[in-house]
Amino acid sequence: MTDYGEEQRNEVEALESIYPDSFTVLSKNPTSFTITVTSDAGENDETVQVNFKFTYVNKYPDEPPLYEILETENLEDSDVADILTLIQQQAEENLGMVMIFTLLTAVQEKLNEVVDQIKNRREEEKMKKELEAEEAEKVQFHGTIVTIENFLSWKAKFELEMAELNRKKQKEEEALKSKLTGKQLFERDHNLDTSDIQFLEEAGNNVEVDESLFQDMDDLELEEDDPDFNPVDLGSDED
């Protein structure tokens, strides 16, 4: 007949000697204790750890002990779930033998794997940042690669912007013209310089002159023989 009490007491003594700094007895009836398991130090001396609470049932080790995780350090929720699953599997495989040390050894290996994963994740993040920096530098140096899609998108945007600029410019010009005098319009619009000349060229010989607007040249006593004669002076004498 199995003496469960003796097996449990012997295991407690062994655990106290193996984990002197992290083993703490909580009660003796039923036997309950806590143990903290810490991983090996990683690349930057980082560690992960788990604090367990174990409680013997009456028929331990023929039945698995009760266990729970009290605290963790530097572990993700997914890591904690994996550790609980691992303990359950190991407990089922080791029924009939004292198993706490076996469970904790499996957990220790798992924690070391987590530290390695942290190192790998850090390296992957570093490589990702380096690649992103290289890609950004390539884009800055070479510019954006032109495709049909982004060219059509740029063209549509450019045409909208130009149409908007033309609309604003036309509106501003119309507003300005409404405030300009005739002289200012003439000076602003150089097309007006040639408008009269163009009109005469298009009219050709069909230009009609109202002769009543002019005086009868025969009535004027023009001193054509006078070398100092200047027709322009006729207008100034009338003043």
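## A walk through the predicted chain

Strands β2 and β3 pair with each other in the antiparallel sense, over 7 bridges. Within this pairing, Phe 33 has Phe 54 of β3 as its bridge partner. Strand β3 also pairs with β4, which covers residues 66–73, again in the antiparallel sense and over 7 bridges, and here Lys 53 finds its bridge partner in Glu 68 of β4. β3 is mostly covered, for 5 of its 7 residues are buried. The model that shows these pairings is a predicted one, and its local features are considered where pLDDT is at least 70.

These strands belong to a chain that holds 7 helices and 4 strands, and from the N terminus on its elements run in the order α-β-β-β-β-α-α-α-α-α-α. Of the 239 residues in the chain, 20% are buried. Among the contacts between residues at least 6 apart in sequence, 49% join residues that are at least 24 apart. The accessible surface comes to about 18,900 Å², and carbon and sulfur atoms account for 50% of that area.

The largest nonpolar core is made up of 28 residues, and those with the most contacts inside it are Phe 33, Ile 35, Phe 52 and Ile 100. At least two residues of this core come from each of α1 (4–18), β2 (31–38), β3 (49–55), α2 (77–93) and α3 (100–142), with the largest share, 8 residues, coming from α3. If residues up to four places away in sequence are not counted, Ile 100 touches Glu 11, Leu 15, Phe 33, Ile 35, Phe 54, Tyr 56, Tyr 60 and Pro 65.

Helix α1 has 15 residues and reaches 21 Å from its first C-alpha to its last, close to the 21 Å expected at 1.5 Å a residue. Its buried residues include Gln 8, Glu 11, Val 12 and Leu 15. Seen down the axis of α1, the buried residues fall within an arc of 105°, and they therefore line one face of the helix. On the face turned away from this buried side, α1 carries the exposed residues Arg 9, Glu 13 and Ser 17.

The buried residues of α2 are Asp 79, Val 80, Ile 83, Leu 86, Ile 87, Gln 90 and Ala 91, and since they fall within an arc of 130° when seen down the helix axis, they line one face of α2. The face turned away from that buried side carries Asp 77, Glu 92 and Glu 93, which are exposed.

The loops between the elements also hold some details of the backbone. A cis peptide bond, with omega about 0°, joins Asn 29 and Pro 30, and Pro 30 lies in the loop between β1 (24–28) and β2. Another cis peptide bond joins Tyr 60 and Pro 61, with omega about 20°, and Pro 61 has its place in the loop between β3 and β4. Because its relative accessibility is 48%, Asn 74 counts as partly exposed.

How values were computed:
Residues numbered from 1 in each chain as written. Predicted model: local features only at pLDDT ≥ 70, side-chain atom pairs only at ≥ 80, totals over all residues. Heavy atoms only, no water. Core = buried A, V, L, I, M, F, W, Y, C linked by side-chain atoms within 4.5 Å. Buried < 20%, exposed > 50% of the residue type's maximum accessible area, 1.4 Å probe, protein only. Contact = heavy atoms within 4.5 Å. Arc of directions from axis to C-beta. Pairing = 2+ DSSP bridges. Areas by Shrake-Rupley, 256 points an atom, 1.4 Å probe, with all protein chains shown as cover. Expected span 1.5 Å × (residues − 1).
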